[in-house]
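Please look through the structure below before reading the notes. The points go from single terms to the whole fold and then to particular residues.

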Amino acid sequence: MLHQTRGIALHSTKFSETSSVVKIYTELFGLQSYLIKGVRKQKSKVKAGLFQPLTLLDLIVYHKDKSSLQNLKEVNYSNPYHEIPFDIRKSSIALFINELVYKTIHEEEPNPELFLFLHKNCLKLDATTNNFALFHLVFSMQLTRYLGFMPQLNYSDTTPFMNLREGVFQTTPPDHSDFLDPVMSLHFFHLLQIQEMADVSLQIPSKTRDTLLEMILIYYRLHITGFREMKSHHVLHTVLE
């Protein structure tokens, strides 16, 4: 049966000499794998560039429940990017977001709120013009809400230590090493409070941003079983400095 849906390209792997399997997060079906026949041919009507990380797509697909490999009838750009492909800072942030999403979202079922969150933030990254050095940090914190392990917003002068294992701010350091000191906890809390990137006036030094990102990724590892090591964030340390 044919369905029309929006999608976000996440990952492409070679299937044969002429075909690829592309992981796409779709609005109707969640994460799905699509066999794209002939895409590796030089004269293919479907260009491989359509499946670059975080590309927003309009799809017409065949869908079979419980099938591990779906087929695609038509694919087109939904909202072509104007800045991300040509700005190394934005493209590096996009690669980080893509890797984080690919390593955290595995559900083959619809989640409209999560899809809209991802779709909206892809467009925001392309359009934002100021202070986007914090974009990946804010995105990472907001994503925890949709993944089900958002930290509690209980920071105060009397609870200045973020316990990364429990996701709460507490009065004293826990009896393990997975926590943030009061200075880093306050930065962490400020990031949690940001709802819209357009409202961001927060300024954080580059070295502190790097440390915060490492702590956020530790938080992900603590709360997602099998969360694999990230690689793309190392580039961010350089291009956003």
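1. A residue counts as buried when its relative accessible area is under 20%, as exposed when that area is over 50%, and as partly exposed in between. The model discussed here is predicted. Of the 241 residues of the protein, 50% count as buried.

2. The fold in outline. The protein contains six helices and eight strands. Their order along the sequence is β-β-β-β-β-α-α-α-β-β-β-α-α-α. The radius of gyration is 19 Å, close to the 18 Å that the globule rule gives for 241 residues, so the protein is as compact as a globular protein of that length. Taken along the principal axes, the box filled by the C-alpha atoms is roughly 60 × 40 × 30 Å.

3. Contacts along the chain. How many of the contacts between residues at least 6 apart in sequence join residues at least 24 apart? The share is 60%.

4. Surface and charge. The accessible surface of the protein is about 12,500 Å², and 51% of this surface belongs to carbon and sulfur atoms. There are 24 positive and 24 negative side chains. The centres of these two sets lie 12 Å apart.

5. Aromatic pairs. A search of the whole structure gives 12 aromatic pairs. One of them joins Phe188 and Tyr219, with 6.3 Å from centre to centre and 75° between the planes, and it is edge-to-face. Phe188 belongs to helix α4 (residues 182-193) and Tyr219 to helix α5 (residues 206-223), so this pair ties together parts that are 31 residues apart in sequence.

6. Tyr220 has 0% relative accessibility and counts as buried. Phe227, at 9% relative accessibility, is also buried. One aromatic cluster is formed by Phe149, Tyr155, Phe169, Phe188, Phe189, Tyr219, Tyr220 and Phe227. Both pairs described above therefore have their members in this list.

7. Ser140. This residue sits in helix α3 (residues 135-147). Is Ser140 buried or exposed? Its relative accessible area is 0%, so Ser140 is buried. Leaving aside neighbours within four places in sequence, Ser140 is in contact with Phe96, Leu100, Ile216 and Tyr220. Tyr220 is also a member of the aromatic cluster in point 6. From Ser140 to Leu186 there are 46 residues along the chain, and the C-alpha atoms of the two are separated by 16 Å.

8. Ser20. Strand β2 (residues 20-26) holds Ser20. At 6% relative accessibility, Ser20 counts as buried. Which residues does Ser20 touch, not counting those up to four places away in sequence? They are Ser12, Thr13, Lys14, Phe15, Tyr34, Leu35, Ile36, Val39 and Arg40.

9. Leu54 and Lys66. Neither residue is a glycine, yet each has a positive phi: near 70° for Leu54, and about 70° for Lys66. Leu54 is found in the loop between β3 (30-36) and β4 (56-62), while Lys66 is in the loop between β4 and β5 (70-77). The surroundings of the two can be checked against the cut-offs in point 1. Leu54 has a relative accessible area of 4%, so Leu54 is buried. Lys66 has a relative accessible area of 89%, so Lys66 is exposed.

10. Leu95. This residue is part of helix α1 (residues 88-104). Leu95 has 45% relative accessibility and therefore counts as partly exposed. Apart from neighbours within four places in sequence, Leu95 is in contact with Pro53 and Ser232. What is the C-alpha to C-alpha distance between Leu95 and Lys231? The distance is 9.8 Å, although Leu95 and Lys231 are 136 residues apart in sequence.

Notes. Residues are numbered from 1 along each chain as its sequence is written. This is a predicted model: local features need pLDDT of at least 70, side-chain atom pairs count only at pLDDT 80 or more; totals for chains, interfaces and linings use all residues. Side-chain values use heavy atoms; hydrogens and water are left out. Helices (H or I, at least four residues) and strands (E, at least two) are DSSP runs, numbered from the N terminus. The radius of gyration is taken over C-alpha atoms; the globule rule is 2.2 Å times the number of residues to the power 0.38. Buried means under 20% relative accessible area, exposed over 50%, partly exposed in between (1.4 Å probe, protein chains only). Contact means heavy atoms within 4.5 Å. Accessible areas come from the Shrake-Rupley method with a 1.4 Å probe; for residues, only the protein chains shown count as cover. Lys and Arg count as positive and Asp and Glu as negative; His and the chain ends are not counted. The place of a charge is taken as NZ of Lys, CZ of Arg, CG of Asp or CD of Glu. Rings of Phe, Tyr and Trp (its six-membered ring) pair if their centres lie within 6.5 Å; planes under 30 degrees apart count as stacked, over 60 as edge-to-face and the rest as tilted.
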